[in-house]
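Work through the exercises below with the sequence and the model in view. Each task is followed by a solution in steps.

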Amino acid sequence: MRLVSLAAVAAVSLSGITPFTCAHAVDALGEHTATVAFTLSAADLGAGMSWGKGVLTFEGHDYPFRIRGGSGAAIGFSKTHAIGTVYNLYRIQDIEGTYWSVQGEATVGAGKGGAVMENNNGIYIKFTSRSSGARLAFSVERLTISLTPDTKTVSAPPPPATTPASHE
């Protein structure tokens with residue numbers, strides 16, 4: 001009987017720490033600092049091209065971006081809608097760069113997927129996606145994210161307007 005009660009206590013104790021263990025696994029990529037949503041089209045015949053656009057939400061602001069890239073060992077066409085989490089982004093310009101991932105896709109009509117991408121600035125993007133089309137791929141994918149030109153000129157808010165009375 002004592003073994004049964006010890007086993008029950010151990011099970012309760014382990015179930016109590018499981019959420020903490022999962023929390024560490026979620027944080028393995030770093031600190032969650034932004035979110036992202038994007039649409040990506042891919043056309044392949046052996047090697048392929050991908051292109052699309054998206055929005056990064058960082059520190060309460062939305063930053064539009066373009067995404068372009070390519071992959072190998074794929075055939076078909078698909079359009080993907082993705083949402084995800086960005087990790088370790090502390091300066092907006094660090095989102096730009098080339099991201100690498102190993103990805104597989106088998107879309108016939110509709111499909112779901114997900115991936116984790118990393119760039120040279122240590123930024124990770126983990127996303128889930130849903131796709132439509134007809135595409136079969138298993139390859140290394142290289143995607144380059146570029147902020148749109150309007151985003152790059154975003155700067156600090158202008159200083160408050162001054163009146164002659166404020167200089168006295």
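In this predicted model, helices are DSSP runs of H or I with at least four residues, and strands are DSSP runs of E with at least two; both are numbered from the N terminus.

**Exercise 1.** State how many helices and strands the protein has, and in what order the elements run.

Solution. Counting gives two helices and four strands. Next, follow the chain from the N terminus: the elements run α-β-β-β-β-α.

**Exercise 2.** Work out the order of the strands in the sheet, and explain which strands stand at the edges.

Solution. Strands of a sheet pair through backbone hydrogen bonds, in a parallel or an antiparallel way. Here the four strands form an open sheet with antiparallel pairing, in the order E1-E2-E4-E3. Strand E1 (32-58) and strand E3 (97-118) each have a single partner strand, so they stand at the edges and one side of each lacks a neighbour in the sheet. From one strand to the next, the twist averages 25°.

**Exercise 3.** Describe the pairing of E2 with E4.

Solution. Take the ranges: E2 covers residues 61-87 and E4 covers residues 124-147. The two pair in the antiparallel sense over 21 bridges. For a position to look up, find glycine 76, which stands opposite arginine 135 in E4.

**Exercise 4.** Give the share of buried residues and the make-up of the accessible surface.

Solution. Buried means under 20% relative accessible area. By this cut-off, 32% of the 168 residues count as buried. The accessible surface of the protein comes to about 10400 Å², and 64% of this belongs to carbon and sulfur atoms.

Terms used:
Residues are numbered from 1 along each chain as its sequence is written. This is a predicted model: local features need pLDDT of at least 70, side-chain atom pairs count only at pLDDT 80 or more; totals for chains, interfaces and linings use all residues. Side-chain values use heavy atoms; hydrogens and water are left out. Two strands pair if DSSP finds at least two bridges between them. Axes are lines fitted to C-alpha atoms, for helices over the stretch in contact, and angles run from 0 to 180 degrees between N-to-C directions. Buried means under 20% relative accessible area, exposed over 50%, partly exposed in between (1.4 Å probe, protein chains only). Accessible areas come from the Shrake-Rupley method with a 1.4 Å probe; for residues, only the protein chains shown count as cover.
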